[in-house]
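Hello,

Here is the structure I promised to pass on to you. Please open it beside this email, and my notes on what I found follow below.

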Amino acid sequence: MIRKIGLLIGVAACGAMVTSCGGDDTPTPTPTDSGTATPTPTPSSGVINFDFAADFVATSANTSAIVAYFTPDGGVEFFNDATRINGNSGIDYDADPNSVTIGYPEQSTTTTFDAADLVSSSATQRVYQDGDLGLTLDLPFTHILRATLETDNQDFTRDTVDGTLRSQRVTAFFQVSADDTDITSNLTYTGDPLVVGGEEGVTAPDVLSAPQVTFTITPGTDDTITGTITIFETVNNVQVQVAELDFSATVLASNTFSGTIEDTNFDLTGEFAGALSGPNRDELFITFVAFNADDNRTFLGNIIAD
């Protein structure tokens with residue numbers, strides 16, 4: 001179980017995640033809390049091929065996380081805290097006229113951006129900005145969409161110190177693969193991890209990075225997925241390793257998996273969950289968190305790979 005974090009939402013365990021579905025007849029997304037720390041995956045049908053030139057609607061369960069940065073009055077910004085969030089997210093994207101409505105598990109209302117808020121666009125990314133609210137939609141490949149909602153300039157008091165909070169809610173939308181054929185040869189997935197966090201009250205934003213990584217599914221009596229995410233922190237223009245997270249889990253018949261993280265070199269423990277997406281298990285999504293409660297270090301992230 002992930003330690004209690006005082007930002008917005010308390011405890012959220014990684015658990016077995018992942019559901020996602022879509023279709024033009026899906027209603028406007030309304031986020032809801034799952035109400036349980038380890039929700040059971042729910043099978044769904046059909047496949048979403050995301051395309052920013054076309055309308056799409058999708059929902060996703062237990063793929064969200066939140067990270068916050070605090071700026072004390074007169075001071076500089078630093079990492080405040082982060083955690084995963086169980087519950088449902090939803091997105092409703094209209095291509096023309098362009099608009100996007102998005103909701104996250106712990107929010108009681110959805111947020112909408114329209115064409116006037118679009119500040120950058122390409123075949124693989126859309127960036128919207130409306131005052132202190134910003135939304136980035138990333139589509140690294142075909143079947144998995146990552147959405148990041150940033151809220152800036154929130155009044156906040158940390159340990160009696162007044163300042164402002166900048167929060168980022170990240171979620172992924174995708175269809176869990178319905179491919180139930182036997183895996184008979186190694187499957188490999190390569191992608192760039194997204195990592196945030198560090199030491200609460202100390203680490204500056206945007207100093208963590210992780211090099212590209214390949215995850216491998218090895219067939220056998222149990223199909224096993226393995227991979228290692230190595231995290232670095234840039235200190236005085238030098239990259240210093242701060243974590244080495246080894247992943248190993250059995251891929252279930254539902255094309256989902258979950259497990260625990262034990263990083264003895266850097267004294268971190270954590271959990272992860274993931275799923276395969278696309279009609280032929282084409283892509284991979286993993287969400288993870290590792291932490292040390294004694295010295296207030298948290299490393300949180302996800303990866304989309306194909």
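Strand S10 (residues 133-138) and strand S11 (residues 144-158) run antiparallel and are joined by 6 bridges. Within this part of the model, which is a predicted one, Asp138 sits opposite Arg146 of S11.

S10 and S11 belong to an open sheet of 7 strands, ordered S4-S3-S12-S11-S10-S9-S8 and paired antiparallel. Strand S4 (78-85) and strand S8 (118-121) are at the edges; each has a single partner strand, so one side of each lacks a neighbour in the sheet. From one strand to the next, the twist averages 15°.

Is Gln168 buried or exposed? Its relative accessibility is 16%, and the cut-off for buried is under 20%, so Gln168 counts as buried. The side chain of Gln168 makes a polar contact of 2.7 Å with the side chain of Glu150. If you set aside neighbours within four places in sequence, the residues in contact with Gln168 are Ala65, Ile66, Val67, Tyr69, Thr148, Leu149 and Glu150.

Here is where Arg146 comes back. Which side chain does Asn302 join through a polar contact of 2.7 Å? The partner is Arg146, the residue that stands opposite Asp138. Asn302 itself is in strand S22 and is buried, with a relative accessible area of 7%. Beyond its neighbours within four places in sequence, Asn302 is in contact with Arg146, Val170, Pro193, Leu194, Phe285, Ile286, Thr287 and Phe288. Between Asn302 and Val289 there are 8.7 Å in space, C-alpha to C-alpha, and the two are 13 residues apart in sequence.

Now to the nonpolar cores. The largest has 30 residues, and those with the most contacts inside it are Phe215, Ile231, Leu245, Phe247, Phe257 and Leu284. Two or more residues each come from strand S16 (213-218), strand S17 (224-235), strand S18 (238-250), strand S19 (256-263), strand S20 (268-277), strand S21 (283-292) and strand S22 (297-305). S18 supplies the largest share of this core, with 5 residues. Not counting residues up to four places away in sequence, Phe215 touches a set that includes Leu187, Tyr189, Ile225, Ile229, Phe247, Leu284 and Ile303. There is also a second, separate core of 19 residues, with Phe50, Tyr93, Val100 and Tyr104 among them. In general, nonpolar side chains tend to be buried together in soluble globular proteins.

How many residues lie between S17 and S18 in their hairpin? There are 2, and Asn236 in the turn has a positive phi of about 55°.

Finally, the view of the whole chain. The protein chain has 22 strands and 0 helices. Of its 306 residues, 53% are buried. Among contacts between residues at least 6 apart in sequence, 59% join residues at least 24 apart.

Enjoy looking around the model!

Best wishes

Notes: Residues numbered from 1 in each chain as written. Predicted model: local features only at pLDDT ≥ 70, side-chain atom pairs only at ≥ 80, totals over all residues. Heavy atoms only, no water. Buried < 20%, exposed > 50% of the residue type's maximum accessible area, 1.4 Å probe, protein only. Polar contact = N/O pair within 3.5 Å; in protein donor to acceptor, adjacent residues only side chain to side chain. Contact = heavy atoms within 4.5 Å. Core = buried A, V, L, I, M, F, W, Y, C linked by side-chain atoms within 4.5 Å. Helix = DSSP H or I, 4+ residues; strand = E, 2+ residues; numbered from the N terminus. Pairing = 2+ DSSP bridges. Axes fitted to C-alpha atoms, helices over the stretch in contact; angles between N-to-C directions.
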